[in-house]
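User: I have a model open and would like to know what stands behind the words used for it. Could you take me through them?

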Amino acid sequence: MAAIKQRINPDVLVWAMKQAGTSRTQLAGDLGTDPTTVDSWMTGDETPGLTHLRQIAKTLRRPTSLFFSPHVPTQRPLQASFRKPFGSHGVRNLTSEERAEIRLAERRQKIANWAAERVEEHHPATLPTRQGTPEATAESVQTWLHWNVSDQVKATSKPAITKMVRRSLEDQGIMVLQLSLNSDACRGFSLYSETVPLIAYNSSQVAAARTFTILHELGHLISHEQAVCDQPEDSEERWCDRFAAAFLLPEAHLRAYIAKYLKITRVENDDIESVRRISNRYGASFQCVALRLIHLGIASQPLYRAVSSGSLEVDTPGFGGEPQTTHLVRMREYGVTYPRLLLAARERGKLHDIDARKYLNVNGEQLRNLQQRIAEEV
């Protein structure tokens, strides 16, 4: 039987391909067809069958219904402070996967803002003011988060410090999402909002790098920055790097540790062991440690290149732990701010149970388990 043709809007197809950064050749390869066939769909001379349409929607990460729209969507360009993959330099175009993740994060932030407006006791996140230097800002943020470096160095692992930073931000009303992207994708991004600011980080990084990314993106939020995501300002990137490093490695505490335990006054360009020890002490990534040491005049630029070459830093595998049931997986993805707001709106009759389950991607039993776990996290 011949495939049933789907009379889609070719202009919408062209728009969706452009938004996804996908060429006719790429789409043809993904669909197992030839570029001339894609050309005919783009001009409207031919229409795809149902199977091809579903493949197009999946590849471009759009609902199939979109392609039947009579008009091209009017959508503002994606705006986010965007942290490129490690080792990437200059202007870099977003991949279709990254664009889809930013769109999804924007949607969740919009839902969270809507819920927050309907939960009377919810107070919008009040971000601290950016100070004159990254170091002064880091001190201000530590006070705002009630952050104690003594608790930081006592943490049982680097993942534990990531969790501490994430939870501290969530307690202030910031939404922190975990993304499942490959290691070549962006390390993270942030979306400013006066009600529910958002930070997203890539889970493919080692734990210490995740912590650094979260704090780097917090630096963007403090600046109320809405930079175009594929053209970041290098000066802002450096400022946010210095802020994150100063937060994790306070100068007085770091200098005292180096003098007392490492018994040196300077870290040499090939002294990876000292970097490793500082990294383990503070839960900071090797690159973060090198950046901080260089800025404080304790090391030189070649140290950063030394710690950045090869896979020197790996996470130690954990043992045991809770079974990864659906509600725990959702908490890992969403954090607690997003589900907490939706559950509160549901309890007050502002959000239907069906919609709560849809937005949180759970069934009825999983929603109850999620609600119970959220209550335990308070």
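User: What makes Asn 202 count as buried?

Analyst: Buried means a relative accessible area under 20%, exposed means over 50%, and partly exposed lies in between, using a 1.4 Å probe and protein chains only. Asn 202 has a relative accessible area of 1%, so Asn 202 is called buried. One thing to keep in mind is that this is a predicted model, where local features need pLDDT of at least 70, side-chain atom pairs count only at pLDDT 80 or more, and totals for chains, interfaces and linings use all residues. Residues are numbered from 1 along each chain as its sequence is written, and side-chain values use heavy atoms, with hydrogens and water left out.

User: Which residues does Asn 202 touch?

Analyst: Contact means heavy atoms within 4.5 Å. Not counting residues up to four places away in sequence, Asn 202 touches Leu 179, Leu 181, Asn 182, Ala 185, Cys 186, Arg 187 and Arg 210. Asn 202 itself lies in strand S4, residues 198-202; strands are DSSP runs of E with at least two residues, helices are runs of H or I with at least four, and both are numbered from the N terminus.

User: Why is the pair Arg 24 and Asp 39 called a salt bridge?

Analyst: A salt bridge is a side-chain nitrogen of Lys or Arg within 4 Å of a carboxyl oxygen of Asp or Glu. For Arg 24 and Asp 39 the N to O distance is 2.6 Å, so the pair qualifies. The two residues link distant parts of the chain, with Arg 24 in helix H2 (residues 24-31) and Asp 39 in helix H3 (residues 35-43), 15 residues apart. Arg 24 is partly exposed at 32% relative accessible area, and Asp 39 is partly exposed at 26%.

User: How do you know that Glu 251 and Arg 255 are about one turn of the helix apart?

Analyst: Both lie in helix H11 (residues 251-262), four residues apart. An α-helix has 3.6 residues a turn, so residues three or four places apart point the same way. The closest N and O atoms of Glu 251 and Arg 255 are 3.0 Å apart, and the pair forms a salt bridge. Glu 251, at 36%, is partly exposed, as is Arg 255 at 37%.

User: How do you know that the buried residues of H18 line one face of the helix?

Analyst: The arc is that of the directions from the helix axis to the C-beta atoms. In H18, Leu 367, Leu 370, Arg 373 and Ile 374 are buried. Seen down the axis, these buried residues fall within an arc of 130°, so they line one face. Glu 365, Arg 368, Ala 375 and Glu 376 are exposed on the other side of H18. The buried residues pack against helix H15 (326-334), helix H16 (337-347) and helix H17 (353-360).

User: Where do the buried residues of H2 sit around the axis?

Analyst: The buried residues of H2 are Leu 27, Ala 28 and Leu 31. They cover an arc of only 100°, which puts them on the same side of H2. Gly 29 and Asp 30 are exposed on the other side, while the cover over the buried residues includes helix H1 (10-20), H3 and helix H4 (50-60).
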